[in-house]
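The entries follow the order in which I looked things up.

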Amino acid sequence: MNAVPASHAIAEQPALSRALTDFLKRKPRLLVNGEWVEAHGKGRIPVIDPATERQIAEVADADAQDVDRAVRAARAAFESGPWPEMLPDERERLMWRLADLMERHAAELAELESLDNGKPIAMARLIDVPGAISHLRYMAGWASKLDGSTLNTSLRAAPGMKFHTYTVREPVGVVAQVIPWNFPLLMATLKLAPVLATGCTSVLKPAEQTPLSALRLGELIVEAGFPPGVVNILTGLGETTGAALVAHRNVDKIAFTGSTEVGKLINIAATATLKRVSLELGGKSPVIVLPDVDPQTVAAGAAQAVFFNSGQVCVAGSRLFVQRKIFDEVVAGVSRAGRSIVMGPGLDEHTQMGPLVSEEQRDRVLTYLQSGQKQGATIASGGDAPAHKGYYVNPTVIVDVKPDMKIVREEIFGPVVVAQRFDDLDEVAAWANDTPYGLAASIWSNDLRAVQRLVPKIKAGTVWVNCHAMIDAGLPFGGYKQSGFGREQGRAGIEMYTELKSVCMAI
C-alpha cells in the first residue's frame, strides 16, 4: 500500500455516545414473535468497525430452527390475531407511530449507521435516516389506497343471467426479506414499509456485516405496538440463515437486494415452491456526458455519482463516457474532485468519504485495480489504499480502458470509475448497453433534442438527466437484464406485495 497523500490524512474514530455504547453491550438476540429471544444455535458473528478494524459487538448466527420459529410466528400473525383484522388506517397509524419514533431517535440511528457501515455521519443524518423515515410515511399512505376494479364482461349463460365481476388486491403473505450492507437502515425500511402497508408479515435478515441498525429498528417496532410476529428479525450468515429462509416452504415471497450472483441462486432455489421473487441486483451504470455542457460542472456531478458512499451504491456511475472534445477536461475535473475528498472514520464530522464496509470488500476492489493495470489500463488518479488502519481505498479514476476488461464489465462496488471517449449518440448508446446490467444511467446535456433521442436507447430501469442517484419513494426503482426484476417504491412497489384476485359472481 502506498503512503496516503496529505489531503487524505485520516483522523481517528471519535468516542461513541453513551446511548450507542450501551446498545453495543446488549446480548445477541433475535426478534421473534414480538420478543427478543436467544438463538437456538450458539454461533456468533463479530461486528467490525470498518474504520478501525476492531470488533465492536457480536450478533447471533440464526440457524434453521431459528428460521422455522420466525416463519411460523410470521405465518400465525398473518392468518390470525389482530393483524389481519386491522383496518387499513390502523396499519397506517402504526407506521406513522414507528416513523415518529425513528425521528425521535434520529441522532442515535445516524451514529449507529455510521459506526456499523463506515459512512460519514453527515451523510447518515442527511440521507439515510430521513430517507428511511420518509419512505415509511409515504408507504403508510398506500394502506388505505389499494384498490381493484369492476369489469364489464361479455359473459353469456342462461337467458336473463347477469354477472358482477371485479378484482381485488390481497396481501401475498409471509415475506422473507434479505437486505444489503450499503444502506442498512434505509434498505430495512424500504423492504418493511410495503409489507406493513399491505398487511403482509416479514422475516427480515440484515447483512451480517451491518446488522446493528436493523436490530435497533426492531426495538422501535416493538415499542410502536405492532402485533407479535408481524416483523421478525434474524441476524445470521447468508449461506445459513439466508439459505434456510429462501428454502422454507411457509414463505410466500422473497425480496432480495444484493449481488447478481446471489440473486441468481435465490431465484433458482425459489422455483422449488414457486415463491414470488423480487430482485434488485447489481449495476454498472453509465454516466454519459454530451459536448454542450460545462466540463467542470459535470465533473463535480460525475465525481459525486461514483464516490458517494465510497462507491458502494448499486447505481454508482462507474462507467464515464465523455464526448471526445471535452474528455480530458472532464477526467481532470473528476480526478481533482477525488483527490480533494476528505477521507476518515464515519463519526468524524469532517469526513466526506469513509472506509469500505469490510476487509473482504477492500481487497476485492484492490484486486480489480491490479487487474485493470495488468490489462493495460492507466490510473489517472488514486489506484491504491492509504497506509492507515481501516478498510480505505483512495478515489480512483482509470483511463485507457477497453470494453473487454474486467474493470469495465464487472461491478466493482468501490470508489472507482473507468472513463472512455465517444464520438456520437449511436456509438455511446451501444457502449452504454454493452453490459449484462441495466439498473440506471445518467445523461448530462442541455441539448433537449439529443437527450430525448438518447433516453429511449438506454436499456436501464432509471435514466437521470443532469443529475445522478436521485431516489424518491414515489418513483419506481428496479432494473433491466441481470440487474433484477420487479420494482420497489411507488405503486409498483406496493403491488409487488399483493396477489390480484378476480371475482365473478352470477346475479
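Entry 1, the sheet. I found an open sheet of seven strands with mixed pairing, in the order β14-β15-β16-β13-β12-β18-β19. Strands are DSSP runs of E of at least two residues, helices runs of H or I of at least four, both numbered from the N terminus; two strands pair if DSSP finds at least two bridges between them. Because β14 (378–381) and β19 (462–465) stand at the edges with a single partner strand each, one side of each has no neighbour in the sheet. I noted an average twist of 25 degrees from one strand to the next.

The model is predicted: local features need pLDDT of at least 70 and side-chain atom pairs pLDDT 80 or more, while totals for chains, interfaces and linings use all residues. Residues are numbered from 1 along each chain as its sequence is written, and side-chain values use heavy atoms, without hydrogens and water.

I looked up β15 (residues 396–399) and β16 (residues 416–422), which pair in the parallel sense over three bridges. V397 has V417 in β16 as its bridge partner.

Axes are lines fitted to C-alpha atoms, for helices over the stretch in contact, and angles run from 0 to 180 degrees between N-to-C directions. Helix α12 (residues 327–340) lies across β13, β14, β15 and β16, at about 170 degrees to β16.

How values were computed. Contact = heavy atoms within 4.5 Å.
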